Structures are given as C-alpha cells and as structure tokens.
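Please look over the sequence and the model first.

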Amino acid sequence: MGVRYCDFKDLDRSDFDAVVVGSGFAGAVAARELAERGGARVLVIEKRSHIGGNMYDELDEAGVLVHRYGPHIFHTNDKRAFDYVRRFTEWRDYEHEVLADWYGTYLPVPFNKNSMEIAFGEERAAHLTQKLIDAFGDERKVTITELREQDDPELSEIADFVYRNVFLYYTQKQWGLTPEEVDPSVTARVPVFVSRDNRYFQDAYQGMPAEGYTPLFERMLESEGILVCLNTEAESVFDLEFASGAEDAPLSAILIKGAPFQGPIVYTGPLDELFLSRFGRLPYRSLEFAWETHDVEHVLPCGTVNFTVTEDYTRITEFKHLTGQAHPKTTIMKEYSRPYEDPLRQIPYYAILSDENRAHYERYRALTAPLANFHPLGRLAEYRYYNMDVIIGRALALADELVPGLEGRR
Ligand code: FAD
Ligand code: UDP
C-alpha cells in the first residue's frame, strides 16, 4: 500500500479525527498508535518534503547511505521502545565507538582506562587508574563536573587533562559556552568511564535499522488510518483562537478549516513558532554539515571521530561504519555547530538547557496548557535534550493516555 500522501487543500475536516504535526519519532509513533490502537483517522502534517524528521536517511549521489540530519545510533534500556521499533524492520547489531582526535593521536571517548594509557603512558596510567578506582569504584562512570570537584592532586590532574583535552574546546564549539556554562546534564552524557569498555553507550539494546531509518518510518506510517501531508506547515493549517486579546491569554481553541478541532492534536514542532515567537524566539543550536565522498572503502577507524582540541568542526562521521553498507566508496560528514538565527534556512537541533530558557519555554507552554486536546511532544515541543528511545517511550505513553478516549468516540 505504501504511505498515503495527500494534499491538505483536498481534505475535508470530516476526513480525520486526530492531527499530528511532525513525522519524526514523536509524530510517527503517536500517529501509528492513535490509528492502530485508537482506530482514529490520523492526519500527519509535515513541513519538510519527506517523513522521518531528523532520522531521515537516503542514498547520496555515490550510492552511500547517509543520515541527512546527523548520525543517529539507536540505544536504549527501555525494552518497550526497542520492541516497538523492531516490529517494523530488521535490525543489525551495532555498538558505536568514538575516538577523540588528540593532536593526531586517537583517544577512546568516553575517556576510559584505555584513553588513560595513551595519554599518560602505561605506568602512570596504572597508578592514576587505581586512584580513580579507590575514589569512585571500578567500572563506574564519573561526570567531569564530579571529577573536577575532587581535592586530591592526582585526581585533579586527571580532571584537568580530561577537561582541557576532551571537553573544553568541543563544548565551546558545540554550544558557544564553556563546560561550566552548559547545563551539567549535557556533559554528564559523556562521563569518564573507569573501564576498558570502548563503547560510546552501555545500554542493553543497541543497533541500527538494517535497511535504514526511512523504510522504518515508511512502515510505521503505512496504515489505512494515516494520511500524510508533506510540505505543509502547522501554521498554515491551524487558526489559533485565544481566551482574550492579551499577549499572555491562553489558547481557547485550534480551528482547522474554519471550525474548532475537538480531536487530539499532537504537536512535535517548536512551541514558540506556533505563536509566531510573541515572547521572543526560544534559543536553539543549529548545525551545518559538510559532505565528502572518497574513492576508498573507509577513511576513519570507527563511526565517529570527535575533534576535541583542533579544527572548527566538532566531529566527523563515516556512515558505513554505522550502516554496515558494503560499497567501494565512502561518504563522511563534518559537523559545524551554529547559533540558530534564521528559521527559514536553519533547523533547530538542540534546545539550550538553562533555567532562564526553561522559564522562557514555560511562558509558551502556559498558552497551550488549558487546551485539553493539545499535546506537545518531543525534543522540540518539550524543549528537551531527548534521545530517540525516550521520545518513542513518551509517544507510547501519550498514546496509552489518548487511546481510551478515542475508543469511546467510535
Ligand atoms: P524531529 O526528529 O525533529 O521531528 C520533528 C518533525 O516535525 C520534523 O520532521 C519537522 O520538520 C516537523 N515540524 C517541525 N515544526 C513543524 C511545523 N510547524 N509544521 C509541520 N511540521 C513541523 N538520538 C539518539 O537516540 N541517538 C543518536 O545517535 C542521536 N543522534 C543525534 C544527532 C544529532 C545531530 C541530533 C540533532 C540529534 C540526535 N539524536 C539522537 C536525537 C534525535 O534526533 C531526537 O531524539 C529525535 O529527532 C526526536 O524526534 P522528534 O520527533 O521529537 O523530533
Ligand atoms: N562532549 C565533549 N567532548 C566530546 C564529547 C562530548 O565536550 O568528545 C560534551 C559536549 O558538550 C557535548 C556533550 O558532551 O555537547 C554531549 O555529547 P553527546 O555526544 O552526547 O552529544 P550529541 O551526540 O547529542 O550531539
């Protein structure tokens, strides 16, 4: 059957019972669940020319499978999320490894016992590693913030090394901020690991969709109950009605084709854009990608190399390590982090976590809170730094909440 694509102008309001804005994991899982479990006819509105959100992948000109919006590796401890995505496609085993390019020498990241030996030499590393074990325990993860708080001079020496050579420049490039200035949960994603384990993630379930993410999304959205409108912005479909004319008056209804829409609306775009940024734009970081295809099978020793002390870009990814594709050529991608300034040209990739930005977000959230059928979901709409598995879990939980109401309406 394939995905049922449509043009919004050809639809009547009676053609759908639920609306989902966005077709990334948040939108696609919600749409599938509302259609399948709730029996709803779901309209998916997507402003890009394709489904899949930031997970979208495709063959490039050379025939190499690439992730167009940055490298995406699936990893989770949430069995429900993993079982869910396994329904739609075969998965290949893949465990991501990252190396830091340290002035031409590779150090495993997260910084671990192996990195320690490369950085400090075997003998000194053995001594320092023992200090880490005594302080924190073996096979333990320690955040750079925690490590820097230690008074012991040798632990400070390790902390100082890792801070300067792994975190400082990379974080400045990625966020335009120092590690002290970013929310501690951000650098805590990549702790020091007192271990020989070189994997980037230690989750129980890890892998990649065997044929890529786009076919996975095609199968999720392929359903009698789902219609997808591409190249369509929520702003062009919704008319917002407010309780009063005051700037902070909450939404009282969302009108679609001239009348209040009563069914569930799952919104996975940025919340500020829905309100034309009336309280100012929410801060995000964007990315710019530079692509290179090389006439050899591989150019990097692993999936991603982080440039922690040199270069303007943060990291290079070689997709063939992730996808397992056999091909005589290879494509790599350099990532440059940028301030998000132009919604027409740029994509908001990362919410910038801080108390101030959270309060800013909450002003927008308060506008939607009284509208019981409006459900902000996902990395953009919730202004959070979520991985894919968390989004899938949250979409499934939202469906658990909404499905009984839909069944009642049938
Ligand atoms: P998105 O994927 O952003 O989907 C939102 C969709 O809504 C988009 O298709 C967008 O076009 C559409 N949309 C937005 N506004 C509107 C509008 N107004 N009207 C219509 N449509 C609209 N997670 C992992 O688990 N592992 C990884 O390895 C990993 N790597 C990442 C690498 C990068 C560079 C980035 C930025 C993120 C990475 N993530 C990773 C996180 C992952 O991308 C997110 O968890 C996931 O994209 C969230 O899905 P989503 O549906 O919330 O958002
Ligand atoms: N980080 C760093 N050096 C590294 C890897 C990560 O400084 O080699 C910091 C940086 O601030 C980064 C954060 O840790 O933004 C989270 O890294 P992660 O790899 O989880 O980022 P993502 O893949 O989400 O971009």
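Which residue in E22 is the bridge partner of Tyr 267?

## Strands E16 and E22

The partner is Pro 376, which lies in E22. This is a predicted model. Strand E16 covers residues 265–267 and is joined to E22 by 3 bridges. The two strands run parallel.

## The sheet

Strands E16 and E22 belong to an open sheet of 5 strands, in the order E12-E2-E1-E16-E22. The pairing in this sheet is parallel. The edges are formed by strand E12, residues 226–229, and strand E22, residues 374–376. Each of these has a single partner strand, so one side of E12 and one side of E22 have no neighbour in the sheet. From one strand to the next, the twist averages 15°.

In general, strands of a sheet pair through backbone hydrogen bonds, and the pairing is either parallel or antiparallel.

## Helices H1 and H8

Two packed helices are described by the angle and the distance between their axes. Helix H1 spans residues 25–36 and helix H8 spans residues 213–221. H1 and H8 pack at an angle of about 30°, and their axes are 9 Å apart. Angles under 35 degrees count as roughly parallel, and H1 and H8 are therefore roughly parallel to each other. The crossing of H1 past H8 is left-handed.

On the H1 side, the contact is made by Ala 28, Val 29, Ala 31 and Arg 32. On the H8 side, Phe 217, Met 220 and Leu 221 take part. Sorted by class, the contact of H1 with H8 has 6 nonpolar residues, 1 charged residue and no polar residues.

Note on methods. Residues numbered from 1 in each chain as written. Chains lettered and ligands numbered in written order. Predicted model: local features only at pLDDT ≥ 70, side-chain atom pairs only at ≥ 80, totals over all residues. Pairing = 2+ DSSP bridges. Helix = DSSP H or I, 4+ residues; strand = E, 2+ residues; numbered from the N terminus. Axes fitted to C-alpha atoms, helices over the stretch in contact; angles between N-to-C directions. Parallel < 35°, antiparallel > 145°, perpendicular 65-115°, else oblique. Left-handed = near helix turned anticlockwise from the far one by under 90°. Contact = placed C-beta atoms within 7 Å. Nonpolar A, V, L, I, M, F, W, Y, C, P; charged D, E, K, R; others polar.
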